[in-house]
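Please keep the sequence and the structure in view while reading.

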Amino acid sequence: MSALAGTGGLVRMALRRDRILLPVWLILLIAIAAGTAKSTISLYKTPGSRLAAAENINHTLGLVALDGRIYDVRSIGAIAMVKMSGFGSILVAILAIVLVLRHTRAEEETGRLELIGSAVVGRRAPLTAALLVAVGANVVLGVVTALALIGTKLPVGGSLAFGIAWTGVGLAFAGVAAVAAQVASSGRAASATAYTALGVFYVLRAVGDTASSTGPQWLRWLSPIGWEQQVRAYAGNRWWVLLITAAFTVVVMSGSYVLVVHRDLGSGLVPDRPGPKAGAGWLRTPLALAWRLQRASLLGWTAGLALLGLVIGSIASTSSSFLSSHGAREIVLRLGGEKGLSDAFLAAELSVLGVIVSAYGIQAAMRLRSEEASERAEPILATGTSRISWALSHFVIAILGSTVILAVTGLAAGLMYGGRVGNLGRAGGVIAGALVQLPAVWVLVGIVMLAFGLAPRLTVAGWAALGACVLLGELGPILKLKQWVTDISPYAHVPRLPGSSVQPASLVVLTVLAAMLTVAGLIGFRRRAIG
Amino acid sequence: MTTAISVTALVKSFGRTRALDGLNLEVATGEVHGFLGPNGAGKTTTLRILLGLMHKDAGEARLLGHDPWQDAVTLHRRLAYVPGDVNLWPNLSGGEVIDLLGRLRGGLNPQRRAMLLERFELDPTKKGRAYSKGNRQKVALIAALASDVELLLLDEPTSGLDPLMEAQFRDCIDEERKGGRTVLLSSHILSEVEALCDRVTIIRKGATVQTGTLADLRQLTRTAVTAELAAAPPDGLSDLPGVHDLQVEGARVHCQVDTVSINDLLIRLTQLGIRTLTSQPPTLEDMFLREYGEEPADEVGSTADQDAAKTAKTGKGQAAEKEAMSR
């Protein structure tokens with residue numbers, strides 16, 4: 001038991017550190033689930049309208065790829081919770097990953113865990129404490145969500161199944177994060193590993209859900225998010241699927257325990273190679289340093305999203321078979337034939353891509369704050385480097401990096417789609433559809449720059465802004481928000497390409513707005529104290 | 001004598017805490033100046049204002065004749081700074097960081113870089129996350145010492161260095177002095193300051209309490225004198241001005257004497273006939289402890305005596321400041 005000594009104290013400390021983050025995130029998730037349920041129930045009052053809505057979702061390739069299928073078109077619960085099973089599961093997974101990494105690798109990185117490790121704290125105690133917090137949070141999340149859903153008059157059995165399925169997603173990704181924390185060589189690498197796993201699991205499910213009956217539908221069974229959906233809450237409540245999640249959780253969590261005793265504090269299982277004796281000739285400007293610090297991350301993002309682009313392009317090319325397999329030719333015709341269907345799907349996927357690339361842009365620009373907070377900016381700013389040129393260095397990486405990622409991903413999706421349908425000319429529209437996301441991405445980067453310049457402690461506002469924009473876009477229609485409210489999100493002004501026309505004005509306005517936010521941030525940064 | 005750093009009546013507050021409260025600091029070009037003070041006295045805050053990383057609330061600060069906030073970038077090309085806590089990029093090697101910092105300052109002397117790497121026994125291929133605190137400190141020191149700059153601002157540069165490396169550091173600073181570079185050395189390692197610095201400034205709670213050469217400061221404190229005399233009991237000592245804590249054991253006499261009065265004491269002792277004599281000049285540590293209110297253990301005399309010492313000290317502190325300003 002000595003390996004676990006001190007766990008209780010660490011749990012209390014973790015809860016104290018998370019006293020704001022944890023309740024806010026839980027309340028948000030529960031409120032979104034209950035709110036969605038309530039508004040869906042009032043939106044579709046008649047059995048006929050429910051059936052039509054469900055059929056429509058199941059026949060829209062983009063929606064199935066994003067959120068999954070509705071397994072009982074007559075169940076209002078299944079209709080209401082389809083978005084919570086897809087998009088909502090991602091939020092649950094992110095919370096689990098954040099919680100586990102925050103109290104393991106991130107703590108090691110700062111050296112605080114070393115201080116704690118020297119006290120009466122066992123070798124496995126920090127990991128155990130982090131997992132206990134994550135498990136506890138997800139159990140609370142599942143139970144309260146189930147109660148809240150029952151409160152909205154959804155069936156009790158389905159509500160319980162949905163709540164527990166959410167808990168399952170959280171536990172599975174807590175385990176994934178725990179393994180990532182042991183394997184990677186740094187905190188940054190650990191979170192990259194965990195989020196990549198989340199992306200891969202999500203894509204596996206999406207590919208499985210959109211495959212034709214002869215295609216690789218089994219892929220959805222390789223993903224914790226797939227399992228969450230295969231519980232089929234409100235549509236049969238297949239409780240046994242939860243056993244798969246439970247088994248997976250046990251395996252990854254025990255794996256992390258085996259790994260934790262095999263590595264030293266602060267290092268990963270993959271050992272460090274020695275670096276160069278001297279700086280390369282080009283390493284002589286702040287921008288070169290920013291590139292040196294961020295190039296691995298940019299390469300990883302580009303490669304990962306290019307693969308996603310290939311998947312998107314491939315799914316888009318199957319849109320006609322997807323529909324015919326469900327016998328809905330009239331929908332095909334109504335939406336403008338096979339091309340119209342593919343276009344709608346591509347436009348929807350590319351707008352999700354815009355959000356994902358915004359996450360890249362935000363974290364690339366937020367590097368400014370983490371460099372400052374870790375006192376690595378100070379020695380640079382004490383050389384002949386002006387504040388503006390230093391601040392612009394990471395900003396330029398964020399802007400150009402997001403451009404490169406979107407261009408490469410658009411190209412991959414476009415070529416795959418064009419090649420599969422035998423018309424490479426269609427690739428152009430897909431690439432354009434990816435690139436029009438850029439102004440919205442830049443606005444988010446601009447928000448980070450503004451916060452960094454004026455209120456550096458609030459630089460995380462970048463993530464909050466992204467979260468708010470995504471929620472506005474995802475839930476605005478369901479919650480019947482006013483148009484001007486949903487229009488706050490920059491993504492609402494991005495043309496949906498391919499398949500519609502471009503309004504250059506809105507793109508120009510977004511770009512100018514991003515520039516203004518950035519300039520205001522830079523002016524603020526030039527005036528304020530460092531540190 | 002030209003002035004490299006000139007700070008007068010500097011004030012900086014963080015919320016309700018007054019970190020700097022009328023601080024004065026004068027560093028002449030070409031000198032190694034010790035900047036002494038206990039933890040939290042305001043040393044780092046002063047340096048950060050001098051680097052233009054932070055605004056001052058009031059007062060005057062000039063660095064190499066310029067305003068450190070307005071002309072930060074041009075000034076920074078002429079100086080090198082070593083922070084007290086060196087944090088390196090986890091995935092950059094030490095060699096990369098040394099070259100980067102040197103180039104950003106406008107140039108690095110490759111021979112000096114190689115020589116310093118050898119002297120400090122630093123492996124430049126290790127990644128930032130693999131270095132110990134002392135080795136991280138060495139990376140920043142080598143980058144600073146190998147740069148072609150005229151002013152070095154060092155914030156507790158030897159924290160984390162082992163004694164051998166500390167000796168190397170002292171040699172390096174000695175060479176810098178000979179090479180004509182100006183060094184501001186913030187520290188609380190008194191032996192280091194005593195060995196290296198031409199002049200020192202002692203601060204406390206954000207204000208300067210003493211400044212001057214070590215000899216000047218010694219003038220302001222007391223020398224410990226122990227003598228064995230020919231005649232016992234010795235008389236006429238206790239009423240000598242400037243003599244404190246007199247202890248007499250037969251023919252042995254032990255006392256503290258204000259350094260300005262040492263001549264009078266010796267004349268009197270010679271009259272009494274000296275057999276043996278040891279006199280211990282005040283160490284910086286004595287001065288330092290005295291400034292911060294804790295008298296050295298062997299000096300605990302009567303309360304009246306201490307009060308007298310305090311009054312004397314305040315007067316002298318002001319005298320020292322006046323002296324510094326008249327330079």
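Chain A is divided into domain 1 (1-269) and domain 2 (286-531), with bounds that come from an automatic or database domain assignment. The model is a predicted one, in which local features need pLDDT of at least 70, side-chain atom pairs count only at pLDDT 80 or more, and totals for chains, interfaces and linings use all residues. Residues are numbered from 1 along each chain as its sequence is written, while chains are lettered from A and ligands numbered from 1 in the order in which they are written.

The C-alpha centres of domain 1 and domain 2 of chain A lie 25 Å apart. Their contact takes 21 residues from domain 1 of chain A and 25 residues from domain 2 of chain A; two residues are in contact if their C-beta atoms, placed from the backbone, lie within 7 Å. On the side of domain 1 of chain A that touches domain 2 of chain A, at least two residues each come from helix H2 (21-43), helix H4 (61-67), helix H6 (82-103) and helix H11 (187-210) of chain A. Helices (H or I, at least four residues) and strands (E, at least two) are DSSP runs, numbered from the N terminus. H11(A) gives the most to this side of domain 1, with 6 residues. By class, this side of domain 1 has 8 nonpolar, 12 polar and 1 charged residues, where Ala, Val, Leu, Ile, Met, Phe, Trp, Tyr, Cys and Pro count as nonpolar, Asp, Glu, Lys and Arg as charged, and the others, Gly among them, as polar.

Helix packing can be followed in chain A. The axes of helix H19 (residues 387-421) and helix H21 (residues 438-454) of chain A come within 10 Å and cross at roughly 160 degrees. That makes H19(A) roughly antiparallel to H21(A), a term for angles over 145 degrees. Axes are lines fitted to C-alpha atoms, for helices over the stretch in contact, and angles run from 0 to 180 degrees between N-to-C directions. Residues making the contact include A:Phe395, A:Ile399 and A:Leu406 of H19(A) and A:Val441, A:Trp442 and A:Met449 of H21(A). By class, this contact of H19(A) with H21(A) has 9 nonpolar, 2 polar and no charged residues.

The contact between the chains takes 29 residues from chain A and 31 residues from chain B. On the side of chain A that touches chain B, helix H14 (286-317) and helix H18 (377-381) of chain A are the elements that give two or more residues. H18(A) gives the most to that side, with 4 residues.

In chain B, 3 strands form an open sheet in the order E2-E1-E4, with antiparallel pairing; two strands pair if DSSP finds at least two bridges between them. Strand E2 (17-28) and strand E4 (58-63) of chain B each have a single partner strand, so one side of each is left without a neighbour in the sheet. Strand E1 (residues 3-14) of chain B is joined to E4(B) by 5 bridges, and B:Ser6 stands opposite B:Arg62 in E4(B). Helix H1 (residues 43-50) of chain B lies across E1, E2 and E4 of chain B, at about 115 degrees to E1(B).

Another open sheet of chain B has 4 strands in the order E11-E12-E10-E13, again with antiparallel pairing. E11(B) and strand E12 (residues 252-258) of chain B pair over 5 bridges, and B:Gln247 stands opposite B:His254 in E12(B). Helix H9 (residues 262-272) of chain B lies across strand E10 (222-229), E11, E12 and E13 of chain B, running at about 5 degrees to E10(B).

Conventions. Parallel < 35°, antiparallel > 145°, perpendicular 65-115°, else oblique.
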